[in-house]
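Hi,

Here is the structure I promised to pass on.

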Amino acid sequence: MTALPMTESNAGGDPGDDFVIDQGWDVYSEQDHAIWRSLMARQSKLLPGRACHEYLEGFERLDIAAGGIPDFARLSDALDKATGWRIVAVPGLVPDDVFFRHLAGRRFPATNWIRRPEQMDYLQEPDVFHDVMGHVPMLTNPIFADYLQAYGRGGLKALRLGALPKLARLYWYSVEFGLIQTQAGLRIYGSGIVSSRTESVYCLESPKPRRVAFDLMRIMRTDYRIDDLQDIYFVIDGFEQLFEATRPDFMPYYEQLSREADIAPGELVAGDKLVEIE
Ligand SMILES: [Fe+2]
């Protein structure tokens, strides 16, 4: 992965080895803030009753919606008090090792630029709305916050072992597109879903995608698509499950996975436990 070209919103100067730049909060235009507010207005209507309470509580606690694109310094101070995480601005996608080192150090790298008006519904690369509105609220949850740090450490190890394509699927199907079963019903915790108008409805209500109970090895065999709505979602029954399942050493898992075939996103396999929607 490479860093994106600088945009007009990105006034932070050249990034160093850690790719961290100044957010350049002072140079966001009124149009930048207006795009944030309109994205936020429509998601705020959709998420109550769809996003899990951990996400919604984090969202409230950090006051993410406040007025426009948040100042990362203010947000980091609030997040730091909750779980010791901070947000650092980066100019776009960063190399894998840089990304994992930030997570392992409890720093979430967030892109500082925001999409253009014609990109309201589709973006190829994450922008500040996805990174902050999608990812940051969950980081107020202590278990999820520890999980993401552990993922960063695991990512550095997977890089050394040449196993990153397998581990990346875990990030995709949990951090980005995870669902959670609750007493109130199925809820969203994945950032790729909560930041998407279409997917936040589709993932819970459409009969088309498969919803399968979380299974670590099954997930690490499952391809994913980046250019469309997901064909499959994996459902945890609590954040403890996610953290505990990923606590052991992954080296034996990678050895086993190297002997097993990948699974296409829409395919079901023996042992899948389907989760039904009402
Ligand atoms: Fe993301």
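Predicted model: local features only at pLDDT ≥ 70, side-chain atom pairs only at ≥ 80, totals over all residues.

**What I found**

Among contacts (heavy atoms within 4.5 Å) between residues at least 6 apart in sequence, 67% join residues at least 24 apart.

Residues are numbered from 1 along each chain as its sequence is written, and side-chain values use heavy atoms, with hydrogens and water left out.

On the fold: you'll see 12 helices and six strands, taken as DSSP runs (helices H or I, at least four residues; strands E, at least two) and numbered from the N terminus. The radius of gyration is 18 Å, close to the 19 Å from the globule rule for 278 residues, so the protein is as compact as a globular protein of that length. That radius is taken over C-alpha atoms, and the rule is 2.2 Å times the number of residues to the power 0.38. The C-alpha trace spans about 55 × 45 × 35 Å along its principal axes.

As for burial, 53% of the 278 residues count as buried, meaning under 20% relative accessible area with a 1.4 Å probe, protein chains only.

Now the metal. His130 (NE2), His135 (NE2) and Glu176 (OE) coordinate the iron ion at 2.0 to 2.1 Å. Donors here are N, O and S atoms within 2.8 Å of the metal (3.2 Å for Na, K and Ca); water is not among the atoms, so sites may look incomplete. Along the chain the donors follow the spacing H-x4-H-x40-E. Both His130 and His135 are buried.

Cheers

Conventions
Buried < 20%, exposed > 50% of the residue type's maximum accessible area, 1.4 Å probe, protein only.
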